[in-house]
Amino acid sequence: MGLARARDAVVVGAGHNGLVCAASLARRGLDVLVLERRTVPGGAAATEEPWPGYRVSTASYVVSLMPPGLVSALGLRRFGYRVTVLEPDYYVPYPDGSALTLWGDPARTAQEIARFSRADADAYPRFDAYLSRLAHLVRELLFVIPPGFRLADLPRWAGVARRLSHWSRADLVAVARLLTASAADFLDEWFQDPRVKGALATQGIIGAWAGPMTPGTAYVLLHHWMGEVEGHEGAWGWVHGGMGALGWALAEAARASGAEVRTGAGVGRITVRHGRATGVELEDGTRVRARAVISNAHPVTTLLHLVGQEHLPPETVRDLRRFRSRSGSVKVNLALAELPRFRSWSGPAPGAPHTGILAISPSVEYLERAWDDAKHGRMSERPYIEAVFPTVFEPELAPSGRHIALLFTQFGPYRLAEGSWDTARETYLERVLSTLEEYAPDVAGAVLHAEVLAPPDLERRFGLVGGNIFHGEMTLDQLFVFRPVPGWGSYRTPVRGLYLCGAGTHPGGGVMGVPGWNCARVVWRDVGRGRLLGIRSRWPIVRPPGTRLA
């Protein structure tokens, strides 16, 4: 126990947003310390070795949403960050032995869809163009600092209005509809064939505590449509070395900028005096004073546990207790003796089922039935499954001749109506494998090792409250100025000198980095105006190319 030297800023948690924030502030000349409870940086972007010789992306497993300008601004490629685009975007097999392949090229996808429905094939290019336009519009809001609800915030609201001035009435209506419509209703407006709609509905439920017929899931679909990898819009990518390589690259970028990143250093509490954050106290009793404390942790963890409700206004405590962070996401990691052979695929292995994202989503109704089980506290009898096989790109991630399958599945409720996850993991694994065997009969026999991470496991290991991969549900009342709670969407908190930089802030979840970047801009503004340090740094503001400061 002791008192460490004072810092300009302390970042609680070395998740990807915390590291982005630290790197951005350090390159502006601030003295920044990052403290991480785990022994490796990156948070849920981690590569671990659950079995000897297998390097597994334990939680997050693909990238798409991190803006290329941010990657460039942080110089991540200098620190080994390398991504391969997953092609096809999705490979969706069906019980009758057929399959639908979705490609990044709309014309090629339309040709695939034509095997199922000529009308749907004709509609797909228009659908893709429609969503792409909306994704471009919403992308313009990513780097906007959400205003508050005080009179002093009116100029900032005017700035948002100017940002939206080129939006047409049709644009505004379209975005509003996506925020309130279900993925199922939205897809019904465009397509007829249930197999086509099932394939496209997957992105409407990823990470959501909702089924495709739940209002608001159309926006979740759009949120995932906003991504870009290596110049390919809407694509998903595999990070070489696993997702931990991204965490490592971000940590090295922060260190190269002058920040200190310390792992194995859990924060026990954020110290507050007279309504201002004064620093942190580590779990070992060490105290670090700081002029700014920035938390990458979940908003509820930060404010109700690390700070304490005694330091917060009653209405903020009330709103935080209302903040929904539920989840039905279960990560299943497999070590395989061989790649699965799908009945729908007669080509070589590895082929399209292995080089892109495989999705078991034969219809919207299939996904809704999986959700029906979860909302009543049951594990899905037949879960939604999407799979990536990283050893296709990097054989060295596993022993010679062996393979890894990373399965993101839904739904498994945080709290089960009967029993607990301590005894239910094996049952859930059996359901996942039996579902896969309907499409790849040999898969269960190829499993050498398995790891099942249910929502309580994701919470315990990575701090994902409720197991929610977005640090909170992505619904209309928990987005933009309402994220995490109304009035505090600007990355500041009711505690002066305390900021939030994680996915529980605008623009939300996914391996994006934008919340961390935006938070750094807010902290810097406060620093530059003397509200924290009383000095002006000679360092310029560095921003991703092609973005404007709001």
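## A buried glutamine

A residue counts as buried when its relative accessible area is under 20%. In this predicted model, glutamine 478 has a relative accessible area of 3%, so glutamine 478 is buried. To find glutamine 478 in the viewer, look in the loop that runs between helix 16 (455-462) and strand 20 (498-500).

## The largest pocket

Helix 16 also has a part in the lining of the largest pocket, where it gives the largest share, five residues. Helix 1 (16-26) and helix 11 (299-308), like helix 16, each supply at least two residues of that lining.

The volume of the largest pocket is about 1,000 Å³. Its lining holds 49 residues, and those closest to the centre are Gly43, Ala44, Phe462, Leu464 and His471. By type, the lining divides into 24 nonpolar, 16 polar and nine charged residues.

A disulfide here needs two cysteine sulfur atoms within 2.5 Å, and the count comes to zero. For cysteine 501, the nearest cysteine sulfur belongs to cysteine 21 and is 4.7 Å away, and cysteine 501 is in no disulfide. Cysteine 519 is in no disulfide either: its nearest cysteine sulfur, again that of cysteine 21, is 4.3 Å away.

Are these two cysteines buried or exposed? Cysteine 501 is buried, because its relative accessibility is 0%. Cysteine 519 is buried too, with a relative accessible area of 0%.

Notes. Residues are numbered from 1 along each chain as its sequence is written. This is a predicted model: local features need pLDDT of at least 70, side-chain atom pairs count only at pLDDT 80 or more; totals for chains, interfaces and linings use all residues. Side-chain values use heavy atoms; hydrogens and water are left out. Helices (H or I, at least four residues) and strands (E, at least two) are DSSP runs, numbered from the N terminus. Buried means under 20% relative accessible area, exposed over 50%, partly exposed in between (1.4 Å probe, protein chains only). On a 1 Å grid over the protein atoms alone, a cavity is a set of points where a 1.4 Å probe fits but cannot get out, and a pocket is an open set with protein on both sides within 12 Å along at least five of seven lines; lining residues have an atom within 4 Å of a point. Grid points are joined across faces, edges and corners, and a volume is the space filled by probe spheres set on the points. Ala, Val, Leu, Ile, Met, Phe, Trp, Tyr, Cys and Pro count as nonpolar, Asp, Glu, Lys and Arg as charged, and the others, Gly among them, as polar.
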